[in-house]
Amino acid sequence: MKLVLSHPQGNANVRATAIGFAEANILQEFHTSIACFQGSILDSIGGIGALSEIRRRRFDSSLKKFTHTTPAKELARLISIKAGFRNFIKQESGVFSVDAIAKALDKKVARGLKNAVQRERINAVYAYEDCAEFSFREAKRLGLYCFYDLPTGYWRAKLRILEEEKRRLPEWQNTIPGLTDSKEKLSRKDEEIKLADRIFVASSFTASTLKDFPGKLPPIQIIPYGFPNTIVPSERSLNSGKLPIKLLFVGSLSQQKGIADLFKVMDVFGKKLSLTLVGRKPNYDCIALNAELAKHRWIPSLPHHKILEIMREHDVLVFPTLFDGFGLVMTEAMSQGTPVIATYNSGGPDIIEHGRNGWLVEAGDDSSLCSAIEYLIENPGAIAKAGIEAIQTARLRPWNIFRHELSEAVKF
């Protein structure tokens, strides 16, 4: 078999998927907005400070012959972010919004499918949420199989959980994305699922959210993501048992990620904890968020290798998310020997065994989070032990395991 793969940005899991399909000799075309290959002109442009984001789209050289790009709008989006042109990137309506870029790529793939079938004997299309409707429709017309990747939870479950959160903490609602999606966008999400022949998700939690889908679901397969290369324990300084315990948060500074609950816990324990946050503010200003950030160490953005470095410098990564399809920051932290406190509303239960290689807490429950951190304050030696176990867990599931499992799953 041969398939066409598409994704607007090309995240770590997408890179692994593309490499896996290429290794299995089933990838015919890979479509994305920007693809940077080492030594290319685009790679050189990415060396310019203001355009360093480009290098985050660096792909393995083995994918170069399969890759088709449409970089103009995505480059304009990145420049608009740097320049503060918010209207250009405004959700759905902005000419360079993520939604506009995804829809344009989806339409481009759809237009090329007929020729791809005639020229290269394509059997299937593998596409992601918000970038599948048009290509799936054309695929169905041509008799192709449609694989749908849902990297986040299903939207009806998301609205149910986050609308309740908005009522619980109204002062944080400006930080919660996804509550303003248009009916048209939500309808497209449902249409993509209806057109899919099979759905792939990375966590048990994501699979559970699909129970909210009102129609008949195609088969769902859970394949957790892989871990980055691990360090050896001697490459990081283990917690000595002294306070404060150094906590780290990496991700969007949103209450979808449970950031308000983390701040509440910090107020409870005071100087027994320190907190570093790495992540950008949401587009809409939030007075509550601004006030909390002033109390702690905040870094808006770091290159990936620096994120891994800062993970090694901290005792525990806290991932108090209310709704997350997986959470790659967890695998990154664990690979660096930094154990994770995560909620059940993520990929945490698929990779963390509570009390052994990390800790699991209830989402949106600051008392549950408090209990976990109180345990660590009283038993600081547990942090080092969990860190070593986290490395062992990561070693058992490198990215090549994910690549192999997914490639085998799509073959027919």
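Is alanine 18 buried or exposed? Select alanine 18 and find out. Its relative accessibility is 0%, so alanine 18 counts as buried. Here, buried means under 20% relative accessible area, exposed means over 50%, and partly exposed lies in between (1.4 Å probe, protein chains only).

Before moving on, know what you are looking at. This is a predicted model, in which local features need pLDDT of at least 70 and side-chain atom pairs count only at pLDDT 80 or more, while totals for chains, interfaces and linings use all residues. Residues are numbered from 1 along each chain as its sequence is written, and side-chain values use heavy atoms, with hydrogens and water left out.

**Stop 1: around alanine 18**

Alanine 18 sits in helix H1 (residues 12-23). Helices (H or I, at least four residues) and strands (E, at least two) are DSSP runs, numbered from the N terminus. Now show the neighbours. Setting aside residues up to four places away in sequence, alanine 18 touches Leu5, Leu27 and Leu63. Contact means heavy atoms within 4.5 Å. Next, draw a distance from the C-alpha atom of alanine 18 to that of tyrosine 148. The two atoms are separated by 14 Å, and the residues are 130 apart along the chain.

**Stop 2: two positive phi angles**

Select asparagine 25. Asparagine 25 is in the loop between H1 and strand S2 (27-32). Its phi is near 60°, a positive value in a residue other than glycine. Asparagine 25 is exposed, with a relative accessible area of 53%.

Go on to glutamate 92, in the loop between H4 and helix H5 (98-120). Glutamate 92 also has a positive phi, about 70°, although it is not a glycine. At 26% relative accessibility, glutamate 92 counts as partly exposed.

**Stop 3: a patch on the surface**

Select Phe85, Phe88 and Val95. They form a nonpolar patch, with about 270 Å² of accessible area together. Areas come from the Shrake-Rupley method with a 1.4 Å probe; for residues, only the protein chains shown count as cover. Patches are made of residues with over 30% relative accessible area and no salt bridge: like charges are joined within 9 Å, nonpolar side chains (Val, Leu, Ile, Met, Phe, Trp, Tyr) within 5 Å. Pick out phenylalanine 88 in helix H4 (residues 86-89). Phenylalanine 88 is partly exposed, at 39% relative accessibility.

**Stop 4: one face of H12**

Which residues of helix H12 are buried? Select residues 304-312 to see H12; its buried residues are Ile307, Leu308, Ile310 and Met311. Look down the helix axis. These buried residues fall within an arc of 165°, so they line one face of H12. The arc is that of the directions from the helix axis to the C-beta atoms. An α-helix has 3.6 residues a turn, so residues three or four places apart point the same way. What does the buried set of H12 pack against? Show strands S8 (245-250), S9 (273-278) and S10 (297-299), plus helix H13 (328-335).

**Stop 5: threonine 331**

Stay with H13 and select threonine 331, which is in that helix. Threonine 331 is buried, with a relative accessible area of 1%. Its side chain reaches the backbone oxygen of leucine 328 at 2.8 Å. Leaving aside neighbours within four places in sequence, threonine 331 is in contact with Gly226, Phe227, Pro228, Phe326 and Ile351.

**Stop 6: salt bridges**

How many salt bridges does the whole structure hold? A search finds 30. A salt bridge is a side-chain nitrogen of Lys or Arg within 4 Å of a carboxyl oxygen of Asp or Glu.

Start with aspartate 324 and lysine 257, whose closest N and O atoms are 2.4 Å apart. This pair links distant parts of the chain, 67 residues apart: aspartate 324 is in the loop between strand S11 (316-319) and H13, and lysine 257 is in the loop between S8 and helix H10 (259-269). Both residues, aspartate 324 and lysine 257, are buried.

Next, select glutamate 389 and arginine 356. Their salt bridge has its closest N and O atoms 2.5 Å apart. Glutamate 389 lies in helix H16 (residues 381-396), and arginine 356 in the loop between helix H14 (348-351) and strand S13 (358-361), so the pair ties together parts 33 residues apart in sequence. Glutamate 389 is partly exposed at 29% relative accessible area, and arginine 356 is partly exposed at 31%.

Finish with Glu165, Arg168, Asp261, Lys264 and Asp366. Salt bridges that share partners join these residues into one network.

Key: Polar contact = N/O pair within 3.5 Å; in protein donor to acceptor, adjacent residues only side chain to side chain.
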